[in-house]
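I opened this notebook to keep track of what I looked up in one chain, entry by entry. The entries follow the order in which I went through the structure.

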Amino acid sequence: MKVSDILRVKGNTLYTVHPDEPLARAVEAMSEKDIGSLVVMEHGDLVGMLTFREVIQALVKNGGGVGTKLVRSAMDDAPLTCTLETDMDEVRRMMLNRHARYMPVMDKRMLMGVVSFYDVAKAVVDSQNFENKLLKAYIRDWPEQNESV
């Protein structure tokens, strides 16, 4: 299974923010849309990721508020990325190694979507459920298949 398979099912709704937006506005958008991350784009290029992890770290550094801080001051400016062709096992390994919960999907310099750790886990469970159904159907039909032997 590849990242493209997840995006095909998930859809490609993207939420982005500019690095010079007020952090408070970005946090508001994350809350309103009930999302855990925003892709930070500048001049059409991916320049960072803002997740609830970075927001919490900014809150702690700033005494519980974001004040007049900009997204740029809190974002991860070296986010982990993958491509549409990246295999799901590789995505899982990358996310686990970096403790990343969100990963932008890139096609060269174009942002194609974002996969979350939840998306990856759901894809694995769905795939296993499908395989289990196939195995159960095969076992159920097995005596009939072998009567002619």
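**Entry 1, the whole chain.** I noted at the start that this is a predicted model. I found six helices and six strands in the chain, and, reading from the N terminus, I wrote their order down as α-β-α-β-β-α-α-β-α-β-β-α. Of the 149 residues, 33% count as buried, and the accessible surface comes to about 9600 Å², with 54% of that surface belonging to carbon and sulfur atoms. I also looked up how far along the sequence the contacts reach: among those between residues at least 6 apart, 54% join residues at least 24 apart.

In soluble globular proteins, nonpolar side chains tend to be buried together. The largest nonpolar core here has 15 residues, and the members that touch the most others are Val3, Val91, Met103 and Val115. I traced at least two residues of this core to each of α1 (3–10), α5 (88–98), β5 (102–107) and α6 (117–145), and the largest share, four residues, to α5. Apart from this core lies another one, of 13 residues, which includes Val40, Leu50, Val55 and Met75. I then listed the partners of Met103, leaving out residues up to four places away in sequence, and found Leu80, Thr81, Cys82, Val91, Met94, Met95, Gly113, Val114 and Val115.

Which residues of α2 are buried? In this helix, which spans residues 23–33, I found Leu23, Ala26 and Met30. Looking down the helix axis, I saw that the buried residues of α2 fall within an arc of 60°, so they line one face of the helix. An α-helix has 3.6 residues a turn, so residues three or four places apart point the same way. The buried residues of α2 pack against β1 (16–17), β2 (37–42), β3 (45–51), α3 (52–61) and α4 (71–74), whereas the face turned away from the buried side carries the exposed residues Ser31 and Glu32.

Most residues other than glycine have a negative phi, and most peptide bonds are trans. Asp34 lies in the loop between α2 and β2, and at 71% relative accessibility, which is over the 50% cut-off, Asp34 counts as exposed. For His99 I also noted a positive phi near 55°; His99 lies in the loop between α5 and β5 and, at 57% relative accessibility, counts as exposed.

How many aromatic pairs does a search of the whole structure find? The search finds one: Phe52 and Tyr102 are arranged edge-to-face, with 6.2 Å from centre to centre and 85° between the planes. The pair links distant parts of the chain, with Phe52 in helix α3 and Tyr102 in strand β5, 50 residues apart. At 35% relative accessibility, Phe52 counts as partly exposed.

Is Glu42 buried or exposed? Glu42, which sits in strand β2, has a relative accessibility of 18% and therefore counts as buried, the cut-off being under 20%. Leaving aside neighbours within four places in sequence, I found Glu42 in contact with His18, Pro19, Asp20, Val47 and Arg72.

Definitions and conventions:
Residues are numbered from 1 along each chain as its sequence is written. This is a predicted model: local features need pLDDT of at least 70, side-chain atom pairs count only at pLDDT 80 or more; totals for chains, interfaces and linings use all residues. Side-chain values use heavy atoms; hydrogens and water are left out. A nonpolar core is a set of buried Ala, Val, Leu, Ile, Met, Phe, Trp, Tyr and Cys residues joined through side-chain atoms within 4.5 Å. Buried means under 20% relative accessible area, exposed over 50%, partly exposed in between (1.4 Å probe, protein chains only). Contact means heavy atoms within 4.5 Å. The arc is that of the directions from the helix axis to the C-beta atoms. Rings of Phe, Tyr and Trp (its six-membered ring) pair if their centres lie within 6.5 Å; planes under 30 degrees apart count as stacked, over 60 as edge-to-face and the rest as tilted. Accessible areas come from the Shrake-Rupley method with a 1.4 Å probe; for residues, only the protein chains shown count as cover.
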